[in-house]
Amino acid sequence: MEIEKLEEILSSYKIIKPKYRGKDIENKSLPFMLSTFRKLIKNGIPPTQDEFIKNFKISFPDLNYKGMTSRLKRAYLSYIREYHLGYLLRKFFRKVIYDEKIDIAGVDYIVYYRGRKFNIHAFVNTENGKYWRNVKNGRHRFRGNHIDLPIDLDKGKRCGKLILYTEQHIEFLKSEMDRIIREKALLKKSAQKITRKCRNKAR
């Protein structure tokens, strides 16, 4: 499915914004939410918000906390945004990887660019979004090239009642990748220069 078709489908989805934010439920780790969302994707088409919430509650009836519905609504918006981002990334990069292992490791997508591997972290550029991004840093020992890809909701692409990533975010991502590649090339060149000096002194 092309990204244009996905956006057409998403623009018709009924979205209800969450109103309640409870401390207890917001801080609980509920990994079943993402697996429920991904299980409901059929032929590339993600579930509606209502389908996601109803299925989760049927599957996990014991998780009946105060504010659970609002937490599910909020999670759904994030999952849809990241799912659409995958289509956007595949439009501009040849090799884009997502699987459960990557998610468990705290990374949203892996993208290969100019022969290098980059780990992408997608989140909303709000205090809450930045808080959970920092939580990931505490939970995981990240190695390699990692790039944050925050989205300001007032600058995203409106698709019905959803706000999604844009091609401008991809331009930012590429500029960050190019910057990292340049910096590492300079460090390598500098290290080689120091090594040559040391060898010459040793002669």
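Guide: A crossing is left-handed if the near helix is turned anticlockwise from the far one by less than a right angle, and right-handed if clockwise. By that rule, H3 and H5 cross in a right-handed way. This is a predicted model: local features need pLDDT of at least 70, side-chain atom pairs count only at pLDDT 80 or more, and totals for chains, interfaces and linings use all residues. Residues are numbered from 1 along each chain as its sequence is written, and side-chain values use heavy atoms, with hydrogens and water left out.

Helices (H or I, at least four residues) and strands (E, at least two) are DSSP runs, numbered from the N terminus. H3 covers residues 32–39. H5 covers residues 68–92. Their axes come within 10 Å and cross at roughly 55°. Axes are lines fitted to C-alpha atoms, for helices over the stretch in contact, and angles run from 0 to 180 degrees between N-to-C directions. Angles under 35 degrees count as roughly parallel, over 145 as roughly antiparallel, 65 to 115 as roughly perpendicular and the rest as oblique. H3 and H5 are therefore oblique to each other.

Who touches whom? From H3 come Met33, Leu34 and Phe37. From H5 come Arg71, Leu72, Ala75, Tyr76, Tyr79, Ile80 and Tyr83. Contact means heavy atoms within 4.5 Å. The contact of H3 with H5 holds nine nonpolar residues, no polar and one charged. Here Ala, Val, Leu, Ile, Met, Phe, Trp, Tyr, Cys and Pro count as nonpolar, Asp, Glu, Lys and Arg as charged, and the others, Gly among them, as polar.

Now the other partner. H4 spans residues 49–59. H3 and H4 pack at an angle of about 120°, with their axes 10 Å apart. This pair is therefore oblique too. The crossing of H3 and H4 is right-handed. Phe32, Met33, Thr36, Phe37 and Lys39 in H3 meet Phe52, Asn55, Phe56 and Ser59 in H4. By class, that contact has five nonpolar, three polar and one charged residues.
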